[in-house]
Amino acid sequence: MSRYTIALNNHYQSRRKLHAVTWAEVQSGPPHALSWTLTCKVEGEVVGTATANQKSAAKEEAARIACERLGI
């Protein structure tokens with residue numbers, strides 16, 4: 001996990017909402033050039049979505065968007 005992913009998880013863990021943050025992932029494209037789209041949901045509401053060539057990069061960007069939107 002990277003900076004924004006950790007910040008998002010820590011924020012909700014400190015509030016005892018361990019299961020508030022969930023992730024949905026979709027991969028697309030040919031096997032040699034996959035593209036990942038990750039969606040961050042907080043309590044079922046979409047708060048960040050990002051696409052990248054690496055799954056971890058898409059997750060971190062979606063977490064950054066979520067943190068920004070939620071003021072974390």
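This briefing describes the sheet, the helices, selected backbone angles and the cysteines of one structure.

The model is predicted: local features need pLDDT of at least 70, side-chain atom pairs count only at pLDDT 80 or more, and totals for chains, interfaces and linings use all residues. Residues are numbered from 1 along each chain as its sequence is written, and side-chain values use heavy atoms, with hydrogens and water left out. Three strands form an open antiparallel sheet in the order β1-β2-β3. Helices (H or I, at least four residues) and strands (E, at least two) are DSSP runs, numbered from the N terminus.

**Sheet**

- Two strands count as paired if DSSP finds at least two bridges between them.
- The sheet order β1-β2-β3 places β1 (21-28) and β3 (45-52) at the edges; each has a single partner strand, so one side of each is left without a neighbour in the sheet.
- From one strand to the next, the twist averages 15°; axes are lines fitted to C-alpha atoms, for helices over the stretch in contact, and angles run from 0 to 180 degrees between N-to-C directions.
- Eight bridges join β1 to strand β2 (residues 35-42) in the antiparallel sense.
- Within this pairing, E25 has L38 in β2 as its bridge partner, and V21 stands opposite V42 in β2.

**Helices on the sheet**

- Helix α1 (residues 3-14) packs on the sheet and touches β1 and β2, its direction making about 150° with that of β1; contact means heavy atoms within 4.5 Å.
- Helix α2 (residues 55-70) lies across β1, β2 and β3 and runs at about 145° to β3.

**A residue of strand β2**

- S35 is found in strand β2.
- At 18% relative accessibility, S35 counts as buried; buried means under 20% relative accessible area, exposed over 50%, and partly exposed in between (1.4 Å probe, protein chains only).
- When its neighbours within four places in sequence are left aside, S35 is in contact with V26, Q27, S28, T51 and A52.

**Positive phi angles**

- The hairpin of β1 and β2 has six residues between the strands, and G29 in this hairpin takes a positive phi near 95°.
- R16 is not a glycine, yet its phi is positive at about 60°.
- R16 is found in the loop between α1 and β1 and counts as exposed, at 77% relative accessibility.
- E43, likewise a residue other than glycine, has a positive phi near 50°.
- E43 lies in the loop between β2 and β3, where its relative accessibility of 54% makes it exposed.

**Cysteines**

- The structure holds zero disulfides, a disulfide being a pair of cysteine sulfur atoms within 2.5 Å.
- C40 is in no disulfide, and the nearest cysteine sulfur, that of C67, is 7.8 Å away.
- C40 is buried, with a relative accessible area of 0%.
- C67 is also in no disulfide, its nearest cysteine sulfur being that of C40, 7.8 Å away.
- C67 is buried, with a relative accessible area of 2%.
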